[in-house]
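Here are my notes on the model you sent over.

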Amino acid sequence: MEEVKQITLHPQGRTEEYFINMGPQHPATHGVLRLLLTLDGEIIKRVDPDLGYIHRSIEKMTEHDTYRQIVHLTDRMDYLSAHINNEAVCLVVEKALELEVPDRVKVVRTILAELTRIASHLLWWGVTGMDIGALTTFMYAFRDREMINDIMEENCGARLTMNYNVPGGLMWDIHPNFQRRVKAFIKHFKTKLPEFDRLLSDNIIFRKRTEGIGVLSAEDAISFGVTGPAARASGVSCDIRKKQPYSAYDRVEFKEILDTRGDTFARYKVRIHEMWESLHIIEQLIDNIPEGDYQVKTNAVIKLPKGEYYQRVETARGELGVYVVSDGKKSPYRMKFRSPGFSNLSVIDHVARGYKVADLVAIMATFDFVIPDIDR
Amino acid sequence: MSYVGEIVHGIRTLLTGMAVTGKYFFRARKEIITQQYPDNRDQLRMFERFRGEVVMPHNENNEHRCTGCQACEIACPNGSIEIIWDRKVDEKTGKKKKYIVKHIYHLSMCTMCNLCIIACPTDAIKMAQNFENSVYDRSYLTKVLNKPGSKLMDGIDE
């Protein structure tokens, strides 16, 4: 009887590591981000993010623009928090000029910033469900987001790239319908937000996909510079609205949402609770918009005094810092944006190791990356 | 949780979610928010502040309000506006006065930031509510805003 030759692919029972490219055209990366994955079977060994596919050199472009013109460029960084980005640039210019804006401006800016935050979190909620496999959430989130977009369109003139802030105030006064529409939205959204929990948060499949996945410890969150809801889910208190109140945040009462679990589900929960808090902030301010001017008169050509200025704000994704070096001319010598997306992306390798490829999609979803914000 | 308990719990959470979608399935007619866009073009009204494209309004005598001061050209962050101007002798005063030959607007480069409208001292340009800008060739997006043969409205000075 002839001997049967036994064939083994891996003599020592080893498997072989291999690369795959996730992106730049991948629906789960929400933009043009390329992740080089080193895999062992389905287990992630290493994630190398490769950036630059949508780099437009916004920081360099600011060196040729006047301070008024810079504002509209920041719409295109984190397009989901466009209003908050604009506010950051305006605040740094006002800080440098030692300009005190009227209370009306501060309150309207805060209301719009919180509406932007809700709109951003709504879009995030929709696509998170979609990434994990629940297509319905997308439709529900966009239904409610449409109301905010309408408010923005009526008040600011555009749905996404608002450009409503100018250094020294607002472009126009608020629209006569503004308060009525915002109140209608709050009333509508308060009945819809509990539905979100019933639809997705308690769903068994969603829970199994998110609980205990992609755990980020508080120490790692601090050392990687993670900010925003992603860090707060790990128990790091980092809300700029609380730490360094700007605009009207010092006169409203709200809670900083913290969680200690640090997994994908905790990041999800923090964002859901943040929507409630944003609603709470808007409710306190919407009836108390002070009378006054909507703009402070500034020079036709804004020139900042020589020096360095820094202002940070809390966008929907985390801390956005604007650093300006001025040499006294009409455009900045150097402008640097510390974007939340870039720092949050740096932790993805650390968080995703040891999990499966499908878990990476869930992890990416709850870190809520906006790729133009990472590349700028 | 026991094995059976987990199955029961799983089914219950699935049904809770289904109840939400089921509710909308049966009362879909009460909450229709979809717009039948190309069909409702005639009724569609954009908000008055909506920024579509820059236009220059002319009155019935083919007169506009643009003096050619170039404030919009300077204010524009991305070079979407170019003004070709010249000087000619004004018949009434006998002085040389600036006038626009062409107010060229590159819609393809415009980001609708509204800075030109704010910069304009004579309200000569404004934002239109038109949003259907697709054309077959990019060159169609370069527009001359002042109509042929148009002139400056009386009583407007630099």
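**Notes on the two-chain model**

1. Let's start with a salt bridge inside chain A: A:K183 pairs with A:D287, and their closest N and O atoms sit 2.8 Å apart. Bear in mind that this is a predicted model. A:K183 belongs to helix α6 (residues 178-201) of chain A while A:D287 is in the loop between α11 and β6 of chain A, so the bridge ties together parts 104 residues apart in sequence. As for accessibility, A:K183 is partly exposed at 38%, whereas A:D287 counts as exposed at 53%.

2. A second pair brings in helix α4 of chain A. A:R241 forms a salt bridge with A:E114, with 3.3 Å between the closest N and O atoms. Here A:R241 comes from helix α10 of chain A and A:E114 from helix α4 of chain A, so parts 127 residues apart in sequence are tied together. Both A:R241 and A:E114 are buried.

3. A:R251 sits in the loop between α10 (240-243) and α11 (264-286) of chain A, 148 residues from A:D103. A:D103 is partly exposed, with a relative accessible area of 37%, and A:R251 is partly exposed too, at 40%. Over all chains, the structure holds 37 salt bridges.

4. Still on α4(A), have a look at how it packs. The axes of helix α3 (residues 82-97) and helix α4 (residues 103-132) of chain A come within 8 Å and cross at roughly 145 degrees. On the α3(A) side the contact includes A:I84, A:C90 and A:L91, and on the α4(A) side it includes A:L112, A:A113 and A:T116. By class, this contact has six nonpolar, two polar and four charged residues.

5. Leaving aside neighbours within four places in sequence, the residues in contact with A:Q311 include A:A88, A:L91, A:Y246 and A:L320.

6. The side chains of A:S339 and A:R376 make a polar contact of 2.7 Å. Not counting residues up to four places away in sequence, A:S339 also touches A:E319, A:L320, A:D373 and A:I374.

7. Now for the interface. Chain B puts 29 residues into the contact and chain A puts in 33. The area buried between them is about 2,600 Å², with carbon and sulfur atoms giving 56% of it. B:F47, B:R49 and B:R51 supply 29% of the area that chain B buries against chain A, more than any other three residues.

8. How many salt bridges are there between chain B and chain A? The count is two, and B:K23 with A:E195 makes a salt bridge with closest N and O atoms 2.7 Å apart. There are also 19 residue pairs in polar contact across the interface. On the chain B side, α1(B) gives the largest share, eleven residues. By class, that side has 14 nonpolar, nine polar and six charged residues.

Definitions and conventions
Residues are numbered from 1 along each chain as its sequence is written. Chains are lettered from A and ligands numbered from 1 in the order in which they are written. This is a predicted model: local features need pLDDT of at least 70, side-chain atom pairs count only at pLDDT 80 or more; totals for chains, interfaces and linings use all residues. Side-chain values use heavy atoms; hydrogens and water are left out. Contact means heavy atoms within 4.5 Å. Buried area is the accessible area (1.4 Å probe) that two parts lose on being put together, summed over both. A salt bridge is a side-chain nitrogen of Lys or Arg within 4 Å of a carboxyl oxygen of Asp or Glu. A polar contact is a pair of N or O atoms within 3.5 Å; within protein, one must be able to donate a hydrogen and the other to accept it, and residues adjacent in sequence count only if both atoms are side-chain atoms. Helices (H or I, at least four residues) and strands (E, at least two) are DSSP runs, numbered from the N terminus. Ala, Val, Leu, Ile, Met, Phe, Trp, Tyr, Cys and Pro count as nonpolar, Asp, Glu, Lys and Arg as charged, and the others, Gly among them, as polar. Axes are lines fitted to C-alpha atoms, for helices over the stretch in contact, and angles run from 0 to 180 degrees between N-to-C directions. Buried means under 20% relative accessible area, exposed over 50%, partly exposed in between (1.4 Å probe, protein chains only).
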